[in-house]
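Subject: Structure handover

Hi,

Here is the structure I promised to pass on. Please open it first, then read my notes below with the model beside you.

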Amino acid sequence: MLATLVGMVGKITAEAAVASGASMRVAYALDSITTVHLWNEAERMLGIPPGSVSGFETMVDKRVVEPDWDDLAAQAGEPVDLEAWDAFVAAHPMLQPDPAGAGSIQEAS
């Protein structure tokens, strides 16, 4: 059940962001941020060491649900611009490696 929640949290967050009036780049970033952070927290709770490969990772990978970016962009009244959204996400401070050396955060969606 935990893997299913991790797999769908980004989609729910992106849809909520657009419904709340957020820009597409924010919705796209929130999809990645919530997925990555919930995934990391779930692994921590399960005792999976950071950066290791586990059966949990495989379960989550199979359950990740991508938002319908075309539909969300239409709702937001914006063009689809995956390159710009990817660039925004890549530079987002919440998706950067931990400066304290606790391991890097890797994008999950």
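Start with phenylalanine 56. Is it buried or exposed? Its relative accessible area is 6%. Buried means under 20%, so phenylalanine 56 counts as buried. Keep in mind that this is a predicted model.

Phenylalanine 56 sits in helix α3. Which residues does it touch, once neighbours within four places in sequence are set aside? The list is Leu2, Ala3, Val6, Trp39, Ala42, Glu43, Leu46 and Ile48. Take tryptophan 39 from that list. Along the sequence, tryptophan 39 and phenylalanine 56 are 17 residues apart. In space, their C-alpha atoms are 9.5 Å apart.

Helix α3 covers residues 55-63. The axes of α2 and α3 come within 11 Å. They cross at roughly 145°, and the crossing is right-handed. From α2, the contact uses Trp39, Ala42, Glu43 and Leu46. From α3, it uses Phe56, Glu57, Val60 and Asp61. By class, the contact of α2 with α3 has 5 nonpolar residues, 3 charged and no polar ones.

Now look at alanine 27, which lies in helix α2. Its relative accessibility is 0%, so alanine 27 counts as buried. Which residues lie against it, leaving aside those within four places in sequence? They are Ala14, Ala17, Val18 and Trp69. Alanine 27 and threonine 13 are 14 residues apart in sequence. From C-alpha to C-alpha, the gap between alanine 27 and threonine 13 is 7.3 Å.

Next, the pair α1 and α2. Helix α1 runs over residues 2-19. It packs with α2 at an angle of about 155°, with the axes 8 Å apart. The two helices α1 and α2 are therefore roughly antiparallel. Their crossing is right-handed. On the α1 side, the contact includes Leu2, Val6, Thr13, Ala14, Ala17 and Val18. On the α2 side, it includes Ala27, Trp39, Ala42 and Leu46. The classes in the contact of α1 with α2 are 14 nonpolar, 4 polar and 2 charged.

One more pair: α2 and α5. Helix α2 spans residues 24-46, and helix α5 spans residues 82-91. Their axes are 9 Å apart, and the packing angle is about 55°. That angle makes α2 oblique to α5. Here, too, α2 passes its partner α5 in a right-handed crossing. Helix α2 brings Met24, Arg25, Val26, Tyr28, Ala29 and Ser32 to the contact. Helix α5 brings Leu82, Trp85, Asp86, Phe88 and Val89. The residues of the contact of α2 with α5 divide into 8 nonpolar, 1 polar and 2 charged.

Last, the whole chain. How many helices and strands does the protein have? It has 5 helices and 0 strands. Read along the sequence, the pattern is α-α-α-α-α. The protein has 109 residues, and 31% of them count as buried. Consider the contacts between residues at least 6 apart in sequence. Of these contacts, 69% join residues at least 24 apart. The accessible surface comes to about 6300 Å². Carbon and sulfur atoms account for 58% of that surface.

Best wishes

Notes. Residues are numbered from 1 along each chain as its sequence is written. This is a predicted model: local features need pLDDT of at least 70, side-chain atom pairs count only at pLDDT 80 or more; totals for chains, interfaces and linings use all residues. Side-chain values use heavy atoms; hydrogens and water are left out. Helices (H or I, at least four residues) and strands (E, at least two) are DSSP runs, numbered from the N terminus. Buried means under 20% relative accessible area, exposed over 50%, partly exposed in between (1.4 Å probe, protein chains only). Contact means heavy atoms within 4.5 Å. Accessible areas come from the Shrake-Rupley method with a 1.4 Å probe; for residues, only the protein chains shown count as cover. Axes are lines fitted to C-alpha atoms, for helices over the stretch in contact, and angles run from 0 to 180 degrees between N-to-C directions. Angles under 35 degrees count as roughly parallel, over 145 as roughly antiparallel, 65 to 115 as roughly perpendicular and the rest as oblique. A crossing is left-handed if the near helix is turned anticlockwise from the far one by less than a right angle, and right-handed if clockwise. Ala, Val, Leu, Ile, Met, Phe, Trp, Tyr, Cys and Pro count as nonpolar, Asp, Glu, Lys and Arg as charged, and the others, Gly among them, as polar.
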